[in-house]
Amino acid sequence: MSASLAGKPLTTSHGAKDDFVRVRKRDLEKLTTEVMQLRDFLPRVLNGDLIEMLHKARTAQTVKEHLTQEQERLRQECLHLQSRLDAVQTDCQKEREEKLLLRKQLWQSAAELQQQAEFCSGLGSATCNMLWSCSATEDAVTHWLADGKLQSFLTVAAQTLESFVRSLDAEVKTQTEDHNSQEHQFVLALAGTITNIAAATCGRNFLSSSAHVLLDTLMKLLELMKPGVFPKLKVLMLMALYNVSISVKGLKYISENPGLLPLIWTLLNDGDWEVCLHSLRLLQSLLLEEEVLLMLGSSLLDPDLHARIRQLASGAKPSLRLAAQQTLEDLQALQQTRLCLGCY
């Protein structure tokens, strides 16, 4: 059979179901030999390292594809964040511009407010100084009482004085500033007007019966003010209290305040001679009323109080020295009276 096939060309025959290929026996044997050789040789070439390398290559390819996808995702996210950043920066720039505009408007408003405050201070100072001058006549005070507006004025005056005193700073305010400031002149004129009202008979009677809040405020503010701070205002408030003390009803009311005598003791150590002088005058007023003497009791006989008044009696100012000497005489008379009463 092999002889019959030799030399004949390769032919194909088609069956009903499958196709067949005719090959020479020599070619088949050659192909078989090559296959066997490949079976023998292939395991030597395709060893474990190569297989592992192929596996790593496939893994690296997979990782690369994953990283490419992740990189694309991150790029898209970065573009999204950049877009948001641009929007936020735009909004921030708008807000910065709006803030600068608002700050400029605030500065303008502050400047306008300062101008208005200065104008109001100047107007208030001028008006109150005129009122201070007018209040020097008793007829003016009588007319104000008849007008029925004095109570509201005193209420506003008490609130204004309290607000001002609570804003004082002993380390910043100086006597020069107190003298020149429009605000300080306004407050001084306000206190001076109250003092003049109390100097008039009808005015002090009104204060003694219908302005207890004002009297309490004056004593409280004198207690709040630090030594050496705004002595002119202290003097005017002390003068107002002294004028009220001329009225028996007024003297009784202010002497019922438990802080009055400690306040006078504090003011006697203020350092300003006028404050000390008017404190002594207020103390003298207390010493003239027997009912008040019984109320204050032995506190008026405090040796420290007497020692301080003796110091003032040796001072350089004649008016202060005289007032201190007179007060010492009154205190000595009181002490003698107590000793005599003790004998019985």
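Student: How do the residues lining the largest cavity divide into nonpolar, polar and charged?
Tutor: Four are nonpolar, one is polar and four are charged. Keep in mind that this is a predicted model.

Student: Which residues are they?
Tutor: The lining consists of L222, E223, M225, K226, P227, K234, T266, L267 and D270. Two elements each give two or more residues to that lining: α9 (212–224) and α12 (260–267).

Student: How much space lies in that cavity?
Tutor: About 50 Å³. A search of the whole structure turns up one cavity of 30 Å³ or more.

Student: Let's zoom out. How many helices and strands does the chain have?
Tutor: There are 16 helices and two strands.

Student: And what share of the residues is buried?
Tutor: Of the 344 residues in the chain, 30% are buried. The accessible surface is about 22800 Å², and carbon and sulfur atoms account for 57% of it.

Student: What about contacts along the sequence? What share joins residues at least 24 apart?
Tutor: Take the contacts between residues at least 6 apart in sequence. Of these, 69% join residues at least 24 apart.

Student: Pick L207. What does it touch?
Tutor: Leaving out residues up to four places away in sequence, L207 touches L154, I194, I197, A198, H212, L214, L215 and V244.

Student: New topic. Where is F230?
Tutor: F230 sits in the loop between α9 and α10 (231–245).

Student: Is F230 buried or exposed?
Tutor: F230 counts as buried because its relative accessibility is 2%, and the cut-off for buried is under 20%.

Student: What is phi of F230?
Tutor: Phi is near 45°, a positive value in a residue other than glycine. Most residues other than glycine have a negative phi.

Student: Last one: T201. Which helix is it in?
Tutor: T201 lies in helix α8, which covers residues 201–210.

Student: How far apart are T201 and S247?
Tutor: They are 46 residues apart in sequence. In space, the C-alpha to C-alpha distance is 8.3 Å.

Technical notes
Residues numbered from 1 in each chain as written. Predicted model: local features only at pLDDT ≥ 70, side-chain atom pairs only at ≥ 80, totals over all residues. Heavy atoms only, no water. Helix = DSSP H or I, 4+ residues; strand = E, 2+ residues; numbered from the N terminus. Buried < 20%, exposed > 50% of the residue type's maximum accessible area, 1.4 Å probe, protein only. Contact = heavy atoms within 4.5 Å. Areas by Shrake-Rupley, 256 points an atom, 1.4 Å probe, with all protein chains shown as cover. 1 Å grid on protein atoms, 1.4 Å probe; cavity = no way out; pocket = protein on both sides within 12 Å on 5 of 7 lines; lining within 4 Å. Points joined across faces, edges and corners; volume = space filled by probe spheres on them. Nonpolar A, V, L, I, M, F, W, Y, C, P; charged D, E, K, R; others polar.
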